[in-house]
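Student: I have a sequence and a model to look at today. Could you help me read the fold step by step?

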Amino acid sequence: MACTPSNEYNPCVQQGSDWWFQVQYTDSDDVALDITGATIEMQVRENAKSATPLIDLSIGSGITITDAANGTFLVEVTPAQTILLPAPKSVMYDLDIVRTQDNKRVTLLVGTVTIRAEITR
């Protein structure tokens, strides 16, 4: 059975380059939700069963809350991190938030990252 979530995002990333994106956490009516005190985490793995993440981000370590009241945060992966990603290859990731209101874990984004090999070094 195929499953295509509405929160799927499949970027293409160049090894050795910055990879960043902004996220706004909203409800089903597109109203921004307050993320004050929330936990946000993102992991990139070769596959879903890989024991060790290739990249492991959290608030203060690659994830920055930019406007908590309006549910906005920035995800930043550095060139030092992307250079270590296997290329050319596709890897998997997800981005989760643990809400403070009810302590529920919600997957905000999920997808496949296509890694392109760095040419200029």
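Tutor: Below we go through the sheet, some single residues, the loops and a pocket.

Student: What kind of model is this, and what should I know before reading any values?

Tutor: Residues are numbered from 1 along each chain as its sequence is written, and side-chain values use heavy atoms, with hydrogens and water left out. Local features need pLDDT of at least 70, side-chain atom pairs count only at pLDDT 80 or more, totals for chains, interfaces and linings use all residues, and the model itself is predicted.

Student: In what order do the eight strands of the open sheet lie?

Tutor: Strands (E, at least two residues) and helices (H or I, at least four) are DSSP runs numbered from the N terminus. Two strands pair if DSSP finds at least two bridges between them. Here the pairing is mixed, and the open sheet has the order E1-E8-E7-E3-E4-E5-E6-E2.

Student: Which strands stand at the edges, and why is one side of each left without a neighbour?

Tutor: Each edge strand has a single partner strand, so one of its sides has no neighbour in the sheet. The strands in question are E1 (12-14) and E2.

Student: How many degrees does the twist average from one strand to the next?

Tutor: Axes are lines fitted to C-alpha atoms (for helices over the stretch in contact), and angles run from 0 to 180 degrees between N-to-C directions. From one strand to the next, the average twist is 25 degrees.

Student: Do E3 and E7 run parallel or antiparallel, and how many bridges join them?

Tutor: Strand E3 covers residues 39-45 and strand E7 covers residues 89-98. Glutamate 41 stands opposite aspartate 96 in E7. The two strands run antiparallel, and the number of bridges joining them is seven.

Student: Do E4 and E5 run parallel or antiparallel?

Tutor: Let's start with the other pairing of E4: with E3 it is antiparallel over four bridges, and methionine 42 stands opposite leucine 57 there. On the E5 side, serine 58 faces glycine 62. Two bridges join E4 to E5 (residues 62-67), and these strands run parallel.

Student: Is isoleucine 59 buried, partly exposed or exposed?

Tutor: Isoleucine 59 sits in strand E4 (residues 55-59). Contact means heavy atoms within 4.5 Å, and, not counting residues up to four places away in sequence, isoleucine 59 touches Ala38, Thr39, Ile40 and Ile65. Buried means under 20% relative accessible area, exposed over 50%, and partly exposed in between (1.4 Å probe, protein chains only). With 39%, isoleucine 59 is partly exposed.

Student: Which residue in E6 is the bridge partner of tryptophan 20?

Tutor: Tryptophan 20 belongs to strand E2 and is exposed, at 58% relative accessible area. Six bridges join E2 to strand E6 (residues 72-77), and the two run antiparallel. Leaving aside neighbours within four places in sequence, tryptophan 20 is in contact with Leu74, Val75 and Glu76. Its bridge partner in E6 is glutamate 76.

Student: Which peptide bond is cis?

Tutor: Look at the loop between helix H1 (79-82) and E7, where proline 88 lies. Omega is near -10 degrees for the cis bond, which runs from alanine 87 to proline 88.

Student: What is phi of asparagine 103?

Tutor: Asparagine 103 is in the loop between E7 and E8, and it counts as exposed at 62% relative accessibility. Its phi is positive although the residue is not a glycine, with a value near 60 degrees.

Student: Which element gives the most to the lining of the largest pocket?

Tutor: A pocket is an open set of points on a 1 Å grid over the protein atoms alone, where a 1.4 Å probe fits, with protein on both sides within 12 Å along at least five of seven lines; lining residues have an atom within 4 Å of a point. The lining includes Val23, Gln24, Val106 and Leu108. Strands E2 (19-24) and E8 (105-116) each give two or more residues. With three residues, the element that gives the most is E8.
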